[in-house]
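Colleague: Please take one part of this model and go through it closely. Keep it brisk, and give the cut-offs as you go.

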Amino acid sequence: MKQSTFMIFKPDSIEGNHVQPIIERIFNAGLEISHFKAVIATPELIEQHYAHIADKPFFKAIEDFMVKGPLYIAILTGEDAVNTWRGLMGATNPEAAEQGTIRGDFGYVKNGQVFNMVHGSDSTDNAKREIELWYGKDVTID
Ligand code: CDP
Ligand code: MG
């Protein structure tokens, strides 16, 4: 089913010059990219986005990392977009992510902190929630 999902290029993908190869993978998977823009996030926005992990011990480091520079955000649309994008991303922990996935190929763990390059919504409900959070009510998906 054609659907949309929300993605973030985290600062590690931008600093590591991985944006272009990641975009190539997105196109090669048949997904369209729209609403691409650079954003400087506030701690409040990151806390809302990552509400499900905001009470974890590692959260402060993630928050600091996500607000330290620009992020690129985008909407991906295509067949089964949520799962297609999650498949391209690979597992959360780069050390567990398979080779051939974005996190497996570009991600790493340093001083116990996970650097996994990209975000992707994990369900259509969360895609809707995250798109409204990052773009406001003017941008809606089906
Ligand atoms: O990003 P994903 O949906 O795969 O994972 P999550 O469980 O929703 O966690 C969100 C983010 O928190 C991850 O992408 C990591 O950046 C971070 N995280 C971490 O550093 N260590 C963990 N044990 C779990 C999550
Ligand atoms: Mg998640």
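Modeller: Start with helix 4, residues 59-67, where F59, I62, E63, F65 and M66 are buried. These residues span an arc of only 165 degrees around the axis, so they sit on the same side of helix 4. The arc is taken over the directions from the helix axis to the C-beta atoms. Buried means under 20% relative accessible area, exposed means over 50%, and partly exposed is in between (1.4 Å probe, protein chains only). Helices (H or I, at least four residues) and strands (E, at least two) are DSSP runs, numbered from the N terminus.

Some conventions first. This is a predicted model, in which local features need pLDDT of at least 70 and side-chain atom pairs count only at pLDDT 80 or more, while totals for chains, interfaces and linings use all residues. Residues are numbered from 1 along each chain as its sequence is written, chains are lettered from A and ligands numbered from 1 in the order written, and side-chain values use heavy atoms, without hydrogens and water.

Now the cover. The buried residues of helix 4 are covered by elements including strand 1, helix 1 (11-15), helix 3 (43-49), strand 3 and strand 5 (113-115). Contact means heavy atoms within 4.5 Å.

I62 also belongs to the surroundings of ligand 1, along with others including F58, Y50, H52 and V114. Near, here, means a heavy atom within 4 Å. The side chain of N116 places an N or O atom 2.9 Å from an oxygen atom of ligand 1. For R86 the distance from a polar side-chain atom to a ligand 1 oxygen is 2.8 Å. Alone, ligand 1 exposes 500 Å², and the protein buries 76% of that. Areas come from the Shrake-Rupley method with a 1.4 Å probe; for residues, only the protein chains shown count as cover.

T77 is in strand 3, and Q3 is in strand 1. T77 is buried at 16% relative accessible area. Q3 is buried too, at 14%. Their C-alpha atoms are 5.6 Å apart, although 74 residues separate T77 and Q3 along the chain. Beyond four places in sequence, T77 touches K2, Q3, S4, G30, L31 and E32. The side chains of T77 and S4 form a polar contact of 2.8 Å. That term means a pair of N or O atoms within 3.5 Å; within protein, one must be able to donate a hydrogen and the other to accept it, and residues adjacent in sequence count only if both atoms are side-chain atoms.
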